[in-house]
Amino acid sequence: MASSNWVPGDIDVRPLSSAMGAEVRGVDLARPLTGAVWNGIRDAFRSYLLLSFPDQSLNETQQIAFSRRFGQLQVHVLDQYRHPEFPEIYLLSNVDRRSGATIGHHPDKGTLVWHSDLSFQRCPALATMLYGLEVPRTGGDTLFADMYAAYDALAETMRKHLAGLRATHDLDFSRQRAGERPMTDRQRRAAPPVDHPMVRTHPETGRRSLYISHHVSRIDGMSDEESQRLLAELMAHATSDRFVYRHQWRKHDLVVWDNRCTMHRATEYDPTAERRIMHRTVVLGDIPV
Ligand code: OGA
Ligand code: MN
């Protein structure tokens, strides 16, 4: 590249939709990033909430190294999903590692409902990175919703109402409601329910966003019925089309999103006929305020 006028730090950032998200070209995430490229990525991440890097070739170590640029990585409490050699990698796959055959069912139904990663922890996720090793021909898209925009679009009375409210987030409750088997006693002890404000302020942008998730079991201080009614109303609002970007996966996309101001969910695919293998890493963030 010596003869071209390419400048280190140049990255090509193009918006993916009117809602949120951008595609970034001109970066090889398998290699150490220069400070200028890294700053470009962080700026774009702050502005677009989700970045998609097409055509990446990443082994586990390289994905972990890139993820660590954002902060400390999580090792998931659901140990059945841990990569046998790289505990920071959560294997989201419908393919059996030994036989290479499909397992015939969706590997994690908890991903099929709108949520924000690790909202069931005191320190939830800052960012999640998902790398598509094999992706279905049809289905298996991921939907993302902009929770800044959802908050901004709420009526003033609703924003006031939510200002002092907190909600309880509970992984075991959420897994069972999504149709997954209950957690083990050890997992439950490692992930007790926590409560978080329903409106949070982003530590970097200072913007407010609506902080809800399928992991929410109830709103503190409300009856069950009142809680479920308000949560359903907020979910319906927050996931309306105008706030949503749909990611249709291509093999070797690396997508990173900000869980502090977005929600996401997977969509169904045929787990008997299609193969979907994703490597996921999660960066821990701050206590929501
Ligand atoms: C996740 C998740 C969505 C998908 O890995 O946190 O929700 O489309 N995945 O697999
Ligand atoms: Mn998720």
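Student: How far apart are the centres of the positive and negative side chains in the protein chain?

Tutor: The model is predicted: local features need pLDDT of at least 70, side-chain atom pairs count only at pLDDT 80 or more, and totals for chains, interfaces and linings use all residues. Lys and Arg count as positive, Asp and Glu as negative, with His and the chain ends not counted; each charge is placed at NZ of Lys, CZ of Arg, CG of Asp or CD of Glu. The protein chain has 36 positive and 36 negative side chains. The separation of the two centres is 2 Å.

Student: How many helices and strands are there in the protein chain?

Tutor: Residues are numbered from 1 along each chain as written, chains are lettered from A and ligands numbered from 1 in the order written, and side-chain values use heavy atoms, leaving out hydrogens and water. Helices (H or I, at least four residues) and strands (E, at least two) are DSSP runs, numbered from the N terminus. The count is 7 helices and 15 strands.

Student: What is the radius of gyration of the protein chain?

Tutor: The radius is taken over C-alpha atoms, and the globule rule is 2.2 Å times the number of residues to the power 0.38. For 289 residues, a compact globule would come near 19 Å. The protein chain agrees with this, at 19 Å.

Student: What share of the residues of the protein chain count as buried?

Tutor: Buried means under 20% relative accessible area, exposed over 50%, and partly exposed in between (1.4 Å probe, protein chains only). Of the 289 residues, the buried share is 54%.

Student: Which residues coordinate the manganese ion (ligand 2)?

Tutor: Donors are N, O and S atoms within 2.8 Å of the metal (3.2 Å for Na, K and Ca); water is not among the atoms, so sites may look incomplete. The donors follow the spacing H-x1-D-x146-H along the chain. At 2.1 Å, they belong to His115 (NE2), Asp117 (OD) and His264 (NE2).

Student: How many residues apart in sequence are the parts that histidine 115 and histidine 264 tie together?

Tutor: Both histidine 115 and histidine 264 are buried. Histidine 115 sits in the loop between strand 4 (90-93) and strand 5 (125-134), and histidine 264 in strand 14 (residues 262-266), so the pair ties together parts whose separation in sequence is 149 residues.

Student: How far apart in space are proline 54 and tryptophan 249?

Tutor: Proline 54 lies in the loop between strand 3 (50-53) and helix 2 (60-68). It is buried, at 8% relative accessibility. Its contacts (heavy atoms within 4.5 Å) include Arg250, His252 and Asp253. Proline 54 and tryptophan 249 are 195 residues apart in sequence, yet C-alpha to C-alpha they are separated by 9.4 Å.

Student: And how far apart in space are methionine 222 and tryptophan 249?

Tutor: Methionine 222 is in the loop between strand 11 (216-219) and helix 7 (224-238). At 15% relative accessibility, methionine 222 is buried. Methionine 222 and tryptophan 249 are 27 residues apart in sequence, and their C-alpha separation is 40 Å.

Student: Is aspartate 55 buried or exposed?

Tutor: Aspartate 55 lies in the loop between strand 3 and helix 2. Its phi is near 55°, a positive value in a residue other than glycine. With a relative accessible area of 61%, aspartate 55 is exposed.

Student: What is phi of histidine 252 near?

Tutor: Histidine 252 is in the loop between strand 12 (244-247) and strand 13 (254-258). At 27% relative accessibility, histidine 252 is partly exposed. Its phi is positive, in a residue other than glycine, and is near 75°.

Key:
Lists of a residue's contacts leave out its neighbours within four places in sequence.
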